Amino acid sequence: MVPARYFDGEAWRLRALARLMLLTAIMLLVPLARAEDRPPDISPMRFAVVRSNAPGCEPNCPEWISAEGSIEAGTPSLLKRTLKALKGRKLPLVVNSPGGNVEAALTLGRLIRKAGLDVAVGKTVFSGCQPDLKGCQDPDRKGSRYFGDVIDYGAMCNSACPLMFAGGARRLVGEWAFLGVHQITTTYVRTRLQYLTTYRIVGGKKKVLKTKIVGRKNTGSYKTYEMSKAVAKRLAAYLKEMGVEQGVLEAMKNTPASEIHQITLDDMLAMKLVTGPQTADLLTSASLCRLDRSAANCREIPGNKPGTGQTAEAKVTARPVEPQLMPPNGEMRFVVVRGSNPLCNPDCPEWISAEGAITPQTPSKLRQLLATLGDRQLPVVINSRGGDLLSALATGRLLHEKRLDTAVARTDFVGCDPTEWDCLAEDGAYAGLTTDVGVECDSACAIMLAGGVRRLVGSQTQLSLDLRGQKKMVEAYLDEMGIGPELVRVVAQRADERELDPDLMLKAGLTTARQSVDVLTGATICDARPRPGNCRVMSSSNTRAEAPAKL
């Protein structure tokens with residue numbers, strides 16, 4: 001009996017719910033697909049709601065979402081947060097990105113499509129507060145923390161970014177923006193995982209109770225530079241979902257990961273990657289809010305003063321916003337000016353003063369101002385030492401497209417200067433006079449001048465031109481402007497002497513007549529018949545305000 005009880009006891013112990021633990025290690029390969037590895041100087045993408053600082057748009061200005069930086073795994077969450085804060089407002093998204101995480105780009109595209117947002121490739125140039133600056137407060141407490149402008153010069157949407165871009169309801173890429181694709185780079189990370197498994201033995205069989213990871217260690221990685229069939233299938237389905245042709249995918253496959261293939265506008269139209277040949281201005285121009293029916297992204301803030309781009313409250317709670325109107329030694333600014341000579345009242349000439357250095361922002365700033373003028377054609381009076389050549393080409397083409405006259409001269413403001421924060425335009429124009437004595441127009445300035453229909457340079461004005469190694473580009477541009485090759489040939493021969501004399505300018509076709517700016521802005525030109533198109537009769541109240549006593 002005793003042995004029997006002994007064995008019965010042993011059998012009971014074998015049947016007991018014994019808890020045992022087993023430590024195991026498993027190697028995993030974790031793929032991370034990127035269309036481009038983010039350069040170290042490119043920050044992760046951030047989103048900011050921006051209000052236009054275009055002159056004259058307040059109190060009703062367009063707003064947009066600026067998306068700048070590399071697409072990371074957490075980027076979709078940031079966009080969700082931004083859209084939630086807008087509480088249903090549909091603002092266009094202006095993107096400038098080198099690429100990044102493919103999965104995140106697909107998620108972003110679907111978020112954009114679901115929200116019904118338009119997308120454009122462009123750079124947001126901030127005025128005053130910037131997203132990376134600490135201490136910037138929300139001036140109106142309603143989501144317009146930042147003020148700025150949009151340019152397409154130098155903007156890019158590369159690698160994974162076009163996948164995000166494809167989600168837009170309307171999709172726009174300007175002539176100076178860059179949209180490119182290439183092969184996907186997939187990084188496989190070797191990870192050693194340690195598991196702790198708890199189990200029990202029942203009837204001689206092992207039953208697992210729970211398993212948990214107790215250790216994780218990366219043991220190396222490797223990259224592949226070809227798109228797998230699975231990834232290609234997912235991207236093809238996504239592009240079809242967005243209504244974009246498969247040519248985008250083929251362009252990605254056919255371009256090595258070490259290169260970027262820029263897709264031309266014609267190809268983008270054929271691929272249905274863009275919805276039309278428009279630029280970001282279609283979504284952000286100040287003219288959107290001057291129509292009888294404002295665009296959906298316009299917002300009126302009654303407390304805002306025209307031309308300041310900020311509310312009265314902003315002066316107390318925010319860092320001072322840099323004035324949008326810059327002095328002549330800063331970047332070029334455009335303002336409408338009315339002749340203040342008492343001889344012309346109440347019918348005086350008006351013109352656009354263009355003062356300062358030509359920068360990538362210059363074309364869009366001029367385009368915005370012209371949009372506020374409607375069909376009015378005012379001559380452009382330029383005072384500039386030059387600047388960015390490509391921007392001068394774009395600005396000159398805009399002047400040529402709008403068929404505006406140009407002249408080299410300086411505008412001297414009467415009463416107050418537009419750079420002063422409390423200097424406001426009267427009935428849409430500042431008071432001033434023009435002079436061309438001692439004024440210089442160098443290099444890129446001459447390129448901009450060439451866009452005018454009539455191009456006037458007085459005998460007391462100095463004008464110079466430097467081709468800067470861009471002879472063919474400048475020659476093609478001048479041919480567009482109706483200026484023959486003689487000018488380029490003469491400038492190339494006089495490489496050591498950049499200044500051009502009046503006779504040479506006229507002979508080479510850079511100027512259309514040896515006349516001063518007074519032909520366009522003189523006090524008595526409005527008495528001529530036919531009356532020049534840049535003359536305007538002021539109301540009686542404004543006439544009194546501009547009476548000789550003010551001078």
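Two strands are taken to pair if DSSP finds at least two bridges between them, where strands (E, at least two residues) and helices (H or I, at least four) are DSSP runs numbered from the N terminus. On that basis, three strands form an open sheet in the order 8-10-13, with mixed pairing. Strand 8 (156–158) and strand 13 (261–262) stand at the edges and have a single partner strand each, so one side of each is left without a neighbour in the sheet. Strand 8 and strand 10 (residues 178–181) run parallel and are joined by three bridges, and M156 stands opposite F178 in strand 10.

The model is a predicted one, in which local features need pLDDT of at least 70 and side-chain atom pairs count only at pLDDT 80 or more, while totals for chains, interfaces and linings use all residues. Residues are numbered from 1 along each chain as its sequence is written, and side-chain values use heavy atoms, with hydrogens and water left out.

On a 1 Å grid over the protein atoms alone, a cavity is a set of points where a 1.4 Å probe fits but cannot get out, whereas a pocket is an open set with protein on both sides within 12 Å along at least five of seven lines; lining residues have an atom within 4 Å of a point. Grid points are joined across faces, edges and corners, and a volume is the space filled by probe spheres set on the points.

A search of the whole structure finds three cavities of 30 Å³ or more, and the largest cavity holds about 140 Å³ of space. Its lining consists of 14 residues, of which I151, D152, P363, S364 and R367 lie nearest the centre of the cavity. Strand 7 (146–151) and helix 10 (362–373) each supply at least two residues of this lining, and helix 10 gives the most, with three residues. If Ala, Val, Leu, Ile, Met, Phe, Trp, Tyr, Cys and Pro count as nonpolar, Asp, Glu, Lys and Arg as charged, and the others, Gly among them, as polar, the lining of the largest cavity has eight nonpolar, two polar and four charged residues.

The second largest pocket contains about 600 Å³ of space and is lined by 27 residues, of which D281, R367, L398, E401 and K402 lie nearest its centre. Helix 8 (281–284), helix 10 and helix 11 (389–402) each supply at least two residues of that lining, with helix 11 giving the most, five residues. By class, the lining of the second largest pocket divides into 12 nonpolar, seven polar and eight charged residues.

The peptide bond from N345 to P346 is cis, with omega near 5°, and P346 is found in the loop between strand 15 (333–339) and strand 16 (347–355). The bond from R529 to P530 is also a cis peptide bond, with omega near 5°, and P530 lies in the loop between helix 16 (518–521) and strand 25 (535–537).

D427, which is not a glycine, has a positive phi of about 55°; D427 is found in the loop between strand 19 (410–413) and strand 20 (430–435) and is partly exposed, with a relative accessible area of 41%. S443, likewise a residue other than glycine, has a positive phi near 45° and lies in the loop between strand 21 (440–442) and helix 12 (444–449), but S443 is buried, with a relative accessible area of 2%.

Technical notes. Buried < 20%, exposed > 50% of the residue type's maximum accessible area, 1.4 Å probe, protein only.
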